[in-house]
Every structure is written in C-alpha cells, then in structure tokens.
Amino acid sequence: MATSTRTPRRDPADPPASGPPERRTRPTGLRGRLHRWDHKGSPYLFVAPFFLVFAVFGLFPLVYTGYLSLHQVSLYNIDQTDWVGFQNYSDLLFGPVSEHFWNALQNTVTLGLLSTVPQLLIAIGLAHLLNYRLPARGFFRTALLAPYATSVAAATLVFALIFSPEGGMANWALGLVDIGPIRWESGDLSSQIAVSVIVIWRWTGYNALIYLAAMQAVPRELYEAAAIDGASRWRQFLHVTVPELRPTILFTVVVSFIGSTQLFGEPYLFGGQSGHQGGTNHQYETLGILMYDQGFHYSLLGRASAIAWLMFVLLVLVGLANTLIARRLRAAK
C-alpha cells in the first residue's frame, strides 16, 4: 500500500523559514548623528587621557626645555630670557664648561660599565638558580624585589656608612686580608666603585626577575633534547638559555644604560656636602649631577637645559642602536 506524504500547509501569518535577514534601519536625524559621533569618536575619547597627560608632563617640558637651552635664563628671574642661540651648547662642548661636561660624560660611561656588567651577570645567575625547583623558591623571588623597593636615600646613606673611611664595614673587611684602608669617597676609581655597588645592590633583583620570566618562556623541549644529547646543565645554560635570552639581555642592557645616563640620587647623596658637584674633584660627577649643578647651584637654567637635550640626543642614539641590533638578531634566527 502506497503511502502519500503531505507537505504541511504554512500559515500566511507565520514568518518565512529561510530568506535574507531583515535589514536594520539606521537611526536618522539627531539620534543618527549622535550614533555616528559615538561610533567614530569613542575610540579617540578613550585614548585622549593618555595623550593629554603626555602633552602636559612629557611633550611640553621637552619643548620648553629646548626653548630654554637657546636662551640665557637665571633661576631667580625665569621671566627674563636673553637669546643666545647655540652658545650654551658651544660652552658645553668646546667652551669653558667643556672640561666638566666631558668629564661627566666619561664618568657616566664608566659608572654604567661598572654597574651594568656585574649587575646583569649576577642577575642571570640568580634567575638561573631560581628557575629550578628550590625550597622556598617563592620567598626568594619576592626577596629579590626588596632592594628595588627600598628608598634610594635610605640605601645610599647606609652604603655611605659602609664605605666610610673611619670604621666602615668595607675597610674592616679589607683589613681581614691585610689590605690598607681606602678613602672611598675621595679616590677616582674607588668612589665610582662605591657608587656602582649601590646601583648593583638596588637593581640586580629587578633584572633577575626579568630574566626569570624570560627563562620560563623557553620551551622545555629544547632542554630535553639537549639532555638527550648528553649536555650538562652548564652547557644547556650556554647553548640553550643564553641564545633564547638574547632579546631580553639586549633590553636590560639598553635600560641599564639609560638608567646610568640619568644616574643622580646615588652619587648626589653619597657625596654629602660635595654631592652637588660629584665629589670634591668631580670624580664621580654624572651628566645628571652636572645638569643639577649648573641649573640649581649656579642658577644657569639655559645651560642646564642644554645638558638635558644633549642627554636626550644621546638616549635617542642608544635607542636607534638598540633597534638596529634587534633587527639583526631577528634576521639571524
């Protein structure tokens, strides 16, 4: 017996089973204009606070400092400016202040090397240790940030007592190995070593945590393959960890150099009464100290602004060098 299939009749009032979706009508009139303004202008409103803050606290001071660097301005009469062109730059590079400027630049580079190289080497070693399953690993990771969270004033004053020529702990430790007392603050190299030790103590833990985060991102398969090939942990560190950390190492080197260029608090507080000029003989005077000395001790804001702009140009060159090196590292992979 044949069975017949009937198609159920559709009620004309029912909506169609398929078909193009209904078009949504856009609002018109005032409501439509408000809708278009909201759609196009909302992203700009969300990012506007950043650009406003940057313009007030970043761009305007930069432009105004450049304006002051072309004028002779006294700290006690800021409203009176006399146009001198590039005379402030000429005085710093070739004029009567050139000796102090080049000395400050040399000290800045020396302090940068003395503090950056040991600091990053110790940071990589600490990060490598904390990357393994050690007891109380979380406590040690947190403790690494304690020096970074310490006030620079408190840390520098404590180290000033440690490096004191009379009863300081540093000379006491040297006396245990029959090395005579050192006048840390008055010597050229000794004072720079003392300031560098303060910087190393404050920033090693911070860089160690950066390296630790980068190490944890290294694929474990690389270590397993190296272990299968018979590589020891030291060879795994040299041939697996260090190559994978090259971008991070470059980043920390650049950031540390920028920090050494702006170094101010440690040498200023370490010098005590002569801190505003980087020691009695300017032996650890940095560019930041020289800028402060010219601007607030001699009230030459124009010359201090010129120093600030020369520091800015130096940091721009460092940033360009970082970009070129980073591109070569990416191309070498």
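## Ser 115 and its neighbours

Setting aside residues up to four places away in sequence, Ser 115 touches Ser 196, Val 199 and Ile 200. This comes from a predicted model. You can find Ser 115 in helix H3, which covers residues 98-130.

Is Ser 115 buried or exposed? Its relative accessibility is 4%, so Ser 115 counts as buried, since buried means under 20%. A polar atom of the Ser 115 side chain also lies 3.4 Å from the backbone oxygen of Gly 112.

Now let's turn to the aromatic rings. How many aromatic pairs does a search of the whole structure find? There are 20. One of them joins Trp 234 and Phe 237, whose ring centres are 5.9 Å apart with 25 degrees between the planes, and this pair is stacked.

Both residues of this pair, Trp 234 and Phe 237, sit in helix H10 (residues 233-244), 3 residues apart, or about one turn of the helix. Trp 234 has 57% relative accessibility, so Trp 234 counts as exposed. Phe 237, in contrast, has a relative accessible area of 11% and is buried.

## An edge-to-face pair

The rings of Phe 270 and Tyr 284 have planes at 70 degrees and centres 5.9 Å apart, so this pair is edge-to-face. Phe 270 and Tyr 284 are both buried.

## A cluster of rings

Which residues do ring pairs link into a cluster? They are Phe 159, Phe 163, Trp 184 and Trp 201.

Terms used: Residues numbered from 1 in each chain as written. Predicted model: local features only at pLDDT ≥ 70, side-chain atom pairs only at ≥ 80, totals over all residues. Heavy atoms only, no water. Helix = DSSP H or I, 4+ residues; strand = E, 2+ residues; numbered from the N terminus. Buried < 20%, exposed > 50% of the residue type's maximum accessible area, 1.4 Å probe, protein only. Polar contact = N/O pair within 3.5 Å; in protein donor to acceptor, adjacent residues only side chain to side chain. Contact = heavy atoms within 4.5 Å. Phe/Tyr/Trp six-rings, centres within 6.5 Å; stacked < 30°, edge-to-face > 60°.
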